[in-house]
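Subject: Structure handover

Hello,

Here is the structure for you to take over. My notes on what was found in it follow below.

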Amino acid sequence: MKLAELLSGDWNGPPLIDIGTTSLTGIRASALPHLRKDSAVAHSIYETLPLTPMECIRLGSDFIRTGLLFAPPVMTDEPFTDAFGVQWQRDEGFLSPISHPLETAGLKDILHYPKPEWRNQVQLVEPEFRNAGIVIADAPCPGLLELSFMLRNPWRFMEDIAEKNWKIAAALLDWSLESIVDAYNYMLSSLPEQPDVIIYSDDLGYQDGMFFSPSDFRNLVRPYMHLLLTQLRKLTPAAICFHSCGAIRPILKDIAELGVELINLDTKAKGMNVMEVRRELPASIILHGSNDLCALGEAVANKNKARIALLITELAQSAPVIAGPLDNMSSAEEVLAAIRGAAFIRNFSNDDFEKLRYIGPVRNIIEEAIEKTFSTELPVIAAL
């Protein structure tokens with residue numbers, strides 16, 4: 001199996017490709033509204049599309065989606081309340097939290113705050129497609145820190161940490177951990193077979209720095225993450241893909257030591273250069289979606305050979321990798337760029353990719369791949 005080879009370190013050819021499957025690589029309904037077949041979305045806030053296996057494959061993905069389905073927010077300007085009691089408001093097409101149920105709560109109120117009941121539908125992979133792609137399960141809910149922020153208000157929770165209000169912070173993390181494990185247990189137990197990969201998402205920083213000092217992360221947050229991932233390991237044999245946005249380079253090794261197999265990072269954040277990140281992580285950890293597939297596809301469309309050479313060589317030299325967009329896609333242009341980037345990657349042989357990895361950009365190899373891409377008929381987005 002391709003993923004098993006990649007995880008074992010035996011994969012030497014062009015990378016696997018993940019497009020359109022999860023909140024990390026998915027397509028927002030506003031980008032391709034004709035693909036919204038019913039009221040369900042794959043992410044309640046991003047409103048990503050739960051694409052079928054065939055749709056993922058036609059995009060050029062080696063991965064297909066499973067995971068919870070959500071009713072989309074009602075398309076009005078009125079606030080709505082999610083399963084955790086957080087109130088959201090739509091602003092210029094995007095949703096933002098405006099009210100946090102535990103913002104002023106004391107310890108007793110946090111300890112007794114009701115947990116959500118999971119009754120969501122689950123997107124299943126039809127038996128005939130089970131071996132057609134690598135099954136990746138989307139995160140069913142926010143991560144530890146993100147959920148604590150949502151419940152408490154980010155600034156208030158950070159004040160709790162800064163002011164050493166450990167009991168409140170620990171109570172919020174305890175509540176979040178139990179709720180997250182319940183969500184994963186519900187999702188995984190609803191599947192006829194275990195997925196190959198599960199996503200765990202938890203943003204740990206801003207674009208220019210971390211939410212907490214490295215020592216506060218290590219002393220308070222990381223033990224909870226270790227416990228959470230240990231419990232997820234008991235629920236499934238699937239590989240774990242850990243996602244975080246933000247400039248979190250000071251704690252990369254701490255995350256790697258949690259034992260995750262894949263890491264999805266925000267390589268546009270300060271100090272998060274792909275190649276520098278690659279050198280700091282163990283060679284066994286796979287970088288997922290950390291190279292800009294959409295930028296590669298756009299460069300190919302424009303025949304910008306210098307840009308193409310830079311991006312494809314970076315991709316090869318940051319192996320082991322899974323290629324994908326840097327984030328979920330919000331426009332048809334981004335989707336088309338990802339499709340073209342995937343087609344371009346597939347025009348490299350194993351030997352070609354090895355040369356890019358160990359020698360650097362080889363002009364004739366790159367030019368040949370460009371020509372093949374332009375002679376390949378790409379799927380028409382409107383016909384997906």
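**The sheet**

An open sheet is formed by 9 strands in the order E1-E12-E11-E10-E9-E8-E7-E2-E6, with mixed pairing. Helices (H or I, at least four residues) and strands (E, at least two) are DSSP runs, numbered from the N terminus, and two strands pair if DSSP finds at least two bridges between them. Strand E1 (16-17) and strand E6 (122-123) are at the edges with a single partner strand each, so one side of each has no neighbour in the sheet. Strand E7 (residues 134-137) runs parallel to E8, and 2 bridges join them. Ile136 has Val197 in E8 as its bridge partner.

This is a predicted model, in which local features need pLDDT of at least 70 and side-chain atom pairs count only at pLDDT 80 or more, while totals for chains, interfaces and linings use all residues. Residues are numbered from 1 along each chain as its sequence is written, and side-chain values use heavy atoms, with hydrogens and water left out.

**Helix H7**

Helix H7 (residues 214-235) has 22 residues and spans 29 Å from first C-alpha to last, close to the expected 32 Å (1.5 Å times one less than its number of residues). A kink of about 45 degrees lies at Val221, shortly before Pro223; the bend is the angle between axes fitted to the seven residues ending there and the seven starting there. Among the buried residues of H7 are Phe217, Leu220, Val221 and Leu228 (buried is under 20% relative accessible area, exposed over 50%, partly exposed in between, with a 1.4 Å probe and protein chains only). The buried residues of H7 pack against elements including helix H6 (166-189) and strand E9 (239-244), where contact means heavy atoms within 4.5 Å.

**Cysteines**

The whole structure has 0 disulfides (pairs of cysteine sulfur atoms within 2.5 Å). The sulfur of Cys241 is 12 Å from the closest cysteine sulfur, in Cys245, too far for a bond. Cys241 is buried at 0% relative accessibility, whereas Cys245 is partly exposed at 24%.

**Salt bridges**

There are 19 salt bridges in the whole structure (a side-chain nitrogen of Lys or Arg within 4 Å of a carboxyl oxygen of Asp or Glu). One of them joins Lys2 and Asp62 (3.9 Å, N to O). Lys2 is in helix H1 (residues 2-8) and Asp62 in the loop between helix H2 (53-59) and strand E2 (63-68), 60 residues apart. Glu367 and Arg363 also form a salt bridge, with their closest N and O atoms 2.9 Å apart. Both lie in helix H14 (residues 363-375), 4 residues apart.

Regards
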